[in-house]
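Colleague: Before I use the labels in this model, I would like to see each one set against its cut-off.

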Amino acid sequence: EIHAEVQLKNYGKFLEEYTSQLKRIEDALDDSVGDVWDFSLDPIALKLLPYEQSSLLELIKTENKVLNKVITVYAALCCEIKKLKYEAETKFYTGLLFYGEGATDSSMVEGDCQIQMGRFVSFLQELSCFVTRCYEVVVNVVHQLAVLYTSNK
């Protein structure tokens with residue numbers, strides 16, 4: 001019991017010292033951050049985010065024109081794949097994941113399942129077109145890789 005009280009006092013001292021140390025750090029940082037920019041006093045601020053202004057074609061330029069063409073094709077395919085991935089994540093994942101959720105079979109009125117499926121048909125049509133486009137891009141990537149692998153030039 002005495003040992004527990006001693007440990008509790010030591011813990012209390014540690015917390016007090018740690019709190020005061022954090023308060024000193026916060027005060028030191030607060031003064032320096034406040035001096036950098038004040039919205040009400042300073043009309044201009046610097047936004048220090050990097051921004052790439054060169055296009056993909058400018059980055060690919062080499063003296064070898066054939067290599068330029070090959071790299072341009074693969075870069076365009078990579079961009080297309082990124083766009084398809086983004087579209088799948090934003091447009092189709094949630095619709096497929098949550099279709100039919102929220103209602104149990106016992107709470108559905110006669111015909112509600114058919115109405116829900118009828119509303120889902122347009123989504124499935126868009127999904128079908130998306131899958132077809134993905135298939136075309138994958139076939140194109142495989143063809144480009146095959147040509148690059150078997151080319152003697």
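**Labels and cut-offs**

Modeller: Glu87 and Lys91 both sit in helix H3, four residues apart, about one turn of the helix. Helices here are DSSP runs of H or I with at least four residues, strands are runs of E with at least two, and both are numbered from the N terminus. This is a predicted model, in which local features need pLDDT of at least 70 and side-chain atom pairs count only at pLDDT 80 or more, while totals for chains, interfaces and linings use all residues. Residues are numbered from 1 along each chain as its sequence is written, and side-chain values use heavy atoms, with hydrogens and water left out.

Colleague: What makes Glu87 and Lys91 a salt bridge?

Modeller: The term requires a side-chain nitrogen of Lys or Arg within 4 Å of a carboxyl oxygen of Asp or Glu. The closest N and O atoms of Glu87 and Lys91 are 3.9 Å apart, so the pair qualifies.

Colleague: Which other salt bridge does Lys91 form?

Modeller: Lys91 also meets Glu126, at 3.2 Å from N to O. That pair links distant parts of the chain, with Lys91 in helix H3 and Glu126 in helix H4, 35 residues apart.

Colleague: Why is Asn68 called buried?

Modeller: Buried means under 20% relative accessible area, exposed means over 50%, and partly exposed lies in between (1.4 Å probe, protein chains only). Asn68 has a relative accessible area of 16%, so Asn68 is buried. Asn68 is found in helix H3.

Colleague: Why is Glu126 called partly exposed?

Modeller: The relative accessibility of Glu126 is 37%, so the label is partly exposed. Lys91 has 39% and is therefore also partly exposed.

Colleague: How do you know that the length of H4 agrees with its residue count?

Modeller: The expected span of a helix is 1.5 Å times one less than its number of residues. H4 has 39 residues (112-150) and should therefore span 57 Å; its end C-alpha atoms are 56 Å apart, which agrees.

Colleague: Where does H4 bend, and by how much?

Modeller: H4 bends by about 35° at Val121. The bend at a residue is the angle between axes fitted to the seven residues ending there and the seven starting there.

Colleague: Which residues of H4 are buried, and what do they pack against?

Modeller: Phe120, Phe123, Leu127, Phe130 and Val137 are buried in H4. The buried residues of H4 pack against helix H3 (65-98).

Terms used:
Contact = heavy atoms within 4.5 Å.
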